[in-house]
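Here is a short tour of a protein model for you to follow alongside the structure viewer. Take it section by section and turn the view as you go.

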Amino acid sequence: MKQTTIITDDTIAAISTPHGEGALGIVRVSGKKTHRVFQEVFSPAKPVKRYQSHRLYYGSIVDGTTCIDQVMAAFFKGDKTYTGEDMLEIFTHGGSSVVNAVLQRVLKAGARLADRGEFTRRAFLHGKMDLLQAEAVLDLIKADTDSARRQAMGQITGVLSEFITSIQHKLVQVKTNLEVMIDFPEEDVSPVDLFDLKFMLQAAHDEVTHVLGSYEYAKMVREGISSVIVGRPNVGKSSLFNAIIGETRAIVTPHPGTTRDYIVEAVHYEGIKLVFTDTAGIRHSEEPVEKIGIDMTRTLVEQADTIVLVVDPTAGSLYEEELSLAQAHAGATVVAINKTDIAPADRIEQTKTAFRDFSVFPVSAVTRDGIGALLNTIAGPARAPSPENTPVINRHRHKQALEHIGLALHAAINLIDQRAFPEIVAEEVDSALAGLKDLTGEVTSRDILDKIFSDFCIGK
Ligand SMILES: Nc1nc2c(ncn2[C@@H]2O[C@H](COP(=O)(O)OP(=O)(O)OP(=O)(O)O)[C@@H](O)[C@H]2O)c(=O)[nH]1
Ligand SMILES: [Mg+2]
């Protein structure tokens, strides 16, 4: 599936700043007609003989004799630009009406409205960045924690791309050696040669496996850690949810079955995004609305990174249902023993014993005791070595591609062990190389590109 490189002749424009009131707005233009658009819409305050690239000019955006706004504008000659094409940036006064009017003027001069992510897509198509770096631009814009920002920045500066390139070099070397063996079989290649290739493949395989191991962690840093709060009615799920997020968001009453729909809120804990969902909990109910809520909870439990199972030591329960839920999700469950402000000490101890196989946190949603320790444990998996210098993968697409590469390398190694013909080993090496090209976008289908860039905002 060779990538359809559509670098169109048309010139695109968009507002690159957020909607709403602001001190400044930016309208961006990219494409062949950019200079013409610039000359048509911009009237400099002082006469300019010839505009220089990468220079700011003060003047007005005009339509005939009408001045739309007084602006600063810069024309950038390709290819030393973000997109690799001629570009124009107009710094307008903020406020949606002004920015919109400037955009309309630019469109009237011959540009068309850009699609989502089209500036970055053009940058990618012009070889200004690979697909991994383009994805990281999106991650950087969306990053709302320090850790996510650092991870995105590492990927933009090429930490992951360099890793992919180094694997690529190794495999090309292996491939070249295999080709010599294929083309000159009479040279009687000694087993040591094949053994050397096996070592190189093994080294590449180990590195791929190592980076694959970063997926869960890196995904958590990018998206946040999702935790779903479950438990029997009235154990204090909504109270705990409110205590964690620091505001009264979920309704709390002494009546069991208060929460039906689920509520999602994020908190930042030591630079890590934790996303909590308060649910109707899991219980038996014949009441239709409650049943829907409970079914939703089951789905949420399957999708969450962490399950916060809330139990109430004052309720006199034997925790049978809770224990079977916890056992079904053993690696992901943490148990919050709530209401420790009013529960008798022996009941708290009995509850701890019942859940001895799990991480247990005595807490009180009322006094907030123990909540820090609970959050600290939940955030644990997202605390890891500095992501800046280490290649990490944070998208399912990356994981799938690396898994494919890992399998192909493994197969190649096995084939060498079985003394297979070099032609057959080469097929597996080719397959791994194809996976690497897929990752960097060297060969990627149009559909995948469409999907990646559709997540961007217009104007980036
Ligand atoms: N003393 C004390 N009371 C609590 C605590 N947590 C919750 N409660 C009380 O327990 C009752 C139920 O609390 P909720 O937060 O609504 O419980 P829930 O698990 O969300 O209940 P449902 O949504 O009905 O399943 C309320 O009266 C709360 O005030 C706690 O830590 N200490
Ligand atoms: Mg509730």
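## Ground rules

Throughout, Ala, Val, Leu, Ile, Met, Phe, Trp, Tyr, Cys and Pro count as nonpolar, Asp, Glu, Lys and Arg as charged, and the others, Gly among them, as polar.

This is a predicted model, in which local features need pLDDT of at least 70, side-chain atom pairs count only at pLDDT 80 or more, and totals for chains, interfaces and linings use all residues. Residues are numbered from 1 along each chain as its sequence is written, chains are lettered from A and ligands numbered from 1 in the order in which they are written, and side-chain values use heavy atoms, with hydrogens and water left out.

## Domains

The protein chain is assigned domain 1 (12-130), domain 2 (143-214 + 390-440) and domain 3 (227-382); such bounds come from an automatic or database domain assignment. Taken over C-alpha atoms, the centres of domain 1 and domain 3 are 51 Å apart.

## The seven-stranded sheet

Seven strands form an open sheet with mixed pairing, in the order S3-S4-S5-S6-S2-S1-S7. Strands here are DSSP runs (E, at least two residues), as are helices (H or I, at least four), numbered from the N terminus; two strands pair if DSSP finds at least two bridges between them. At the edges, strand S3 (42-44) and strand S7 (112-113) each pair on one side only.

Strand S5 (residues 66-76) and strand S6 (residues 87-93) are antiparallel partners over five bridges, and Ala74 has Glu89 in S6 as its bridge partner.

## The six-stranded sheet

Another open sheet, also of mixed pairing, has six strands in the order S9-S10-S8-S11-S12-S13. Strand S9 (263-269) and strand S13 (359-362) each have a single partner strand, so one side of each is left without a neighbour in the sheet.

Strand S12 (residues 333-337) pairs with S13 in the parallel sense over four bridges. Ile337 stands opposite Pro362 in S13.

## Pockets

A pocket is an open set of points on a 1 Å grid over the protein atoms alone, where a 1.4 Å probe fits, with protein on both sides within 12 Å along at least five of seven lines; lining residues have an atom within 4 Å of a point. The largest pocket has a volume of about 510 Å³, volume being the space filled by probe spheres set on the points, which are joined across faces, edges and corners. Its 24 lining residues include Glu135, Arg395, His396, Arg397 and Lys451, the closest to the centre. The lining divides into seven nonpolar, four polar and 13 charged residues.

The second largest pocket, of about 320 Å³, has ten nonpolar, eleven polar and four charged residues in its lining.
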